[in-house]
There are 2 protein chains.
Amino acid sequence: MKIAIAGAGAMGSRFGVKLQNAGNEVTLIDNWADHVQAIQQNGLTITQNGHDTVVPMTAAAPQDVTTHFDLIILFTKAMQMDQMLQDLSAQLRQHPMILVLANGIGNVETIERYVPQENIVAGTTVWSSSLTGPGHITITGTGSIALQAMVPDQFPDFKRLLTTLNDAGLHASPADDVLAAIWKKAGLNSVLNTYCTLFDCNIAQFGALPNWRALTAAVLNEFQAVASAANVHFDAQADTELIAAQFAPDVNGDHYPSMHQDMAHRRPTEIDFLNGYVARLGQALHVPAPTNALLTQLIHSQEALRGIPTA
Amino acid sequence: MKIAIAGAGAMGSRFGVKLQNAGNEVTLIDNWADHVQAIQQNGLTITQNGHDTVVPMTAAAPQDVTTHFDLIILFTKAMQMDQMLQDLSAQLRQHPMILVLANGIGNVETIERYVPQENIVAGTTVWSSSLTGPGHITITGTGSIALQAMVPDQFPDFKRLLTTLNDAGLHASPADDVLAAIWKKAGLNSVLNTYCTLFDCNIAQFGALPNWRALTAAVLNEFQAVASAANVHFDAQADTELIAAQFAPDVNGDHYPSMHQDMAHRRPTEIDFLNGYVARLGQALHVPAPTNALLTQLIHSQEALRGIPTA
């Protein structure tokens, strides 16, 4: 299959290598010029268990892509999604399958402005990866993907897509309610990413706070109220348990969430597609979400104090 | 007049010196043993414009005070107010005048549990001072006091109190609505103290945030709703203008508010008597104050992360 990874950062690069190793023709598409150039000149370097592997791969900036694809996997950050889709408009006119696995709520709505709904598959993944430098990722452990076509009975290629992903060892399985899965992951991220960034702490330190349950409930109770008004299934209690399960150091306790890494490296955060999305949707649906609105403002304040341009 | 300063930190010490210089018999009462001992042994050192003055003064821990007083000025921090009043129960039985100028809302309610309402005068002051070390304060500028008896027609000594304060150069004048003045100052502090502590920034940096007005409105609109339900005058717009007037470096821009100093020195903050008071009162009066409730939790989280014991 001809596959584009649009947004070939840590996760996209890891997926790209696995899909290429399984015999697909893969192009990594990214806007970070140093990263693209490093891959073009030296290949992608993958560090695992202290051991480096170098894999030659095709990489390009969005505007330099001329190939057409059977499948475009979108790992673009939520706030860059719109621009990436505009840059790939020539490719989108060929009606490729679109698989979106990027974090945050609202990606599908952005994509639907450019792609017919029946071509879109959405999913969540628990694979992980770190971008260590231009052309260099560091990976640990394994993961899985849960995915669902937005219009299941109009997506005949779903089995072929699953087979392609599973032949690459990506452990893909069908999801019954992918929107619920996206909200569940966004709920977790809207607690752990946001508070760990605000407090400059890791996940274990957040879990050790005497008031972590109050902080968590303030966010997730609003998620549940807004989800309910939007006819999305969301269970604040189940999400709280999922969060609590991350605190152990041998799970994710030692981890600083991706938003913390973004802030530390002076990159815009995804806050507008986590707490900020729920605040906006709550406003549109007349369901107050003041906690998520304030947390969104607080993270934007921290971005401003660090001189980070607004996303 | 025999005057006790209960809570003889930065502000209390400055007031004590001025009142003693005017001929009153002043005792500084404080729970910080090193501070009391330093004053007992070496007097109080006052640095002004780089010049040191040493003033011999009487200082004691609350439990060691045997004198009775005509006037007790309470500068105790809000969360230590209750304990201070218990420690001074022998003095309170002599029915001294009580003047409370400490920051935070709710102090009068605490005092009324120990002192008849008709003996209490409440006020606000814009004098400032820093506690530079045990027995050592640093002062700049001048200030004023606005004060009002809680039961004006049952407080015949009000003019005498004003005269005592003004003879000491403290620029005291009667307030028409001291509760409104306390809320006005608490509103300012619940914005500047809280956000500057949360963001680890000074007042000018807060004022330079693109979203400072949104952050301010989130706090003060709830202040106004809760104040209205509690029949206290509060004007969010006027408080916002007062806050904006602090941003210039030659006003208060370079200043790190007292809560920021408390956090930096690992002391419990006064958050429960600023945003936290409004959150609790809002709950009691069925007026939602989720922003102030969340900010209270966030500051308590920061205290916990710094190993500061709960107040």
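Residues are numbered from 1 along each chain as its sequence is written, and chains are lettered from A in the order in which they are written. In this predicted model, local features need pLDDT of at least 70 and side-chain atom pairs count only at pLDDT 80 or more, while totals for chains, interfaces and linings use all residues; side-chain values use heavy atoms, with hydrogens and water left out.

## Aromatic rings

Start with the rings. Over all chains, the structure holds 21 aromatic pairs. Rings of Phe, Tyr and Trp (its six-membered ring) pair if their centres lie within 6.5 Å; planes under 30 degrees apart count as stacked, over 60 as edge-to-face and the rest as tilted.

One pair joins B:Trp183 and B:Phe223. Their centres are 5.8 Å apart, and 75° lies between the planes, an edge-to-face arrangement. What does this pair tie together? B:Trp183 lies in helix H7 (residues 178–199) of chain B and B:Phe223 in helix H9 (residues 212–229) of chain B, so the pair links parts that are 40 residues apart in sequence. Helices here are DSSP runs (H or I, at least four residues) and strands are too (E, at least two), numbered from the N terminus.

Are these two residues buried or exposed? Buried means under 20% relative accessible area, exposed over 50%, and partly exposed in between (1.4 Å probe, protein chains only). B:Trp183 is buried, at 3%. B:Phe223 is buried as well, at 0%.

B:Trp212 and B:Phe247 form another pair. Their ring centres are 4.9 Å apart and their planes stand at 90°, so this pair is edge-to-face. B:Trp212 lies in helix H9 of chain B. B:Phe247 sits in the loop between helix H10 (236–244) and helix H11 (249–253) of chain B. The pair therefore ties together parts that are 35 residues apart in sequence. B:Trp212 is buried, with a relative accessible area of 10%. B:Phe247 is buried, with 13%.

Chain A has a cluster. A:Tyr195, A:Phe199, A:Phe206, A:Trp212 and A:Phe247 form one aromatic cluster.

Rings can also meet charges. A charge sits over a ring if NZ of Lys or CZ of Arg is within 6 Å of the ring centre and within 35 degrees of the ring normal. The charged end of A:Arg280 sits over the ring of A:Phe273, 5.8 Å from its centre. In chain B, the charged end of B:Arg280 sits over the ring of B:Phe273, 5.8 Å from its centre.

Two packed helices are described by the angle between their axes and the distance between the axes. Axes are lines fitted to C-alpha atoms, for helices over the stretch in contact, and angles run from 0 to 180 degrees between N-to-C directions.

The axes of helix H7 (residues 178–199) and helix H14 (residues 290–305) of chain A come within 10 Å and cross at roughly 45°. H7(A) and H14(A) are therefore oblique to each other. Angles under 35 degrees count as roughly parallel, over 145 as roughly antiparallel, 65 to 115 as roughly perpendicular and the rest as oblique. Which residues meet in H7(A) and H14(A)? A:Thr194, A:Tyr195, A:Thr197 and A:Leu198 in H7(A) meet A:Leu295, A:Leu298, A:Ile299 and A:Gln302 in H14(A). Contact means heavy atoms within 4.5 Å.

In chain B, the axes of H9(B) and H10(B) come within 9 Å and cross at roughly 140°. That makes H9(B) oblique to H10(B). On the H9(B) side, the contact residues include B:Trp212, B:Arg213 and B:Thr216. On the H10(B) side, they include B:Ala236, B:Asp239 and B:Ile243.

## Single residues

| Residue | Relative accessibility | Class |
|---|---|---|
| B:His260 | 12% | buried |
| B:Val126 | 58% | exposed |
| A:Glu270 | 10% | buried |
| A:Ile46 | 8% | buried |

B:His260 lies in helix H12 (residues 258–264) of chain B. Not counting residues up to four places away in sequence, B:His260 touches B:Cys196, B:Thr197, B:Asp200 and B:Cys201.

B:Val126 lies in the loop between strand S8 (120–125) and strand S9 (130–133) of chain B.

A:Ile46 lies in strand S3 (residues 44–48) of chain A. A:Ile46 and A:Leu147 are 101 residues apart in sequence and 26 Å apart in space, C-alpha to C-alpha.
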